[in-house]
Amino acid sequence: MSNKTTRRQFLTRAMIAGGVVTTAGIPIRLLAQEQVAEDDPLAVSMGYKHDATAVDTAKFPKRAGEAGANQFCHNCALFQGDADAEWAPCAIFANKLVANNGWCNAWVAKA
Ligand code: SF4
């Protein structure tokens, strides 16, 4: 076995040392997920807001009233993170990140 370091090994070690890739060799950039933009056409059509209190309840009456005021991404069945996670993926938005205190019209209570 050769003691020579290949170019690939060198680059991988350098990137790990620099925090660019995980030890499994997966680039961090590929693991980082994008946040849903409030002006994304799907987000607009679903009434998504990072801050649920900013939802237009005239357009989205599901979030109106006492029951609606208790609806947030963090207590939605589609929030794919711990209830205290600041951001977590949501299947409605192709697993882009939604805010803990966000909301959209697809909200459904966690079982
Ligand atoms: Fe938030 Fe649930 Fe809407 Fe996803 S489906 S954006 S978790 S309220």
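What share of the contacts in the protein chain with a separation of 6 or more is accounted for by residues 24 or more positions apart? I found 51% for these pairs, taking contact as heavy atoms within 4.5 Å.

I note that this is a predicted model, in which local features need pLDDT of at least 70 and side-chain atom pairs count only at pLDDT 80 or more, while totals for chains, interfaces and linings use all residues. Residues are numbered from 1 along each chain as its sequence is written, and side-chain values use heavy atoms, with hydrogens and water left out.

**Chain.** I looked up the secondary structure and found 4 helices and 2 strands, in the order α-α-α-α-β-β from the N terminus; these are DSSP runs numbered from the N terminus, with helices (H or I) of at least four residues and strands (E) of at least two. Of the 111 residues in the protein chain, 26% are buried, that is, under 20% relative accessible area with a 1.4 Å probe, protein chains only.

**Gln71.** I located Gln71 in the loop between helix H4 (65-69) and strand E1 (87-90). Gln71 counts as buried because its relative accessibility is 7%. Leaving out residues up to four places away in sequence, I see Gln71 touching Ala52, Lys62, Arg63, Trp103 and Trp107.

**Ligand.** I listed 13 residues around the ligand, of which Cys73, Cys76, Leu78, Cys90 and Cys104 come nearest; a residue is near if one of its heavy atoms lies within 4 Å. By class, I recorded 13 nonpolar residues in this shell, with no polar and no charged ones, where Ala, Val, Leu, Ile, Met, Phe, Trp, Tyr, Cys and Pro count as nonpolar, Asp, Glu, Lys and Arg as charged, and the others, Gly among them, as polar.

Definitions and conventions. Buried means under 20% relative accessible area, exposed over 50%, partly exposed in between (1.4 Å probe, protein chains only).
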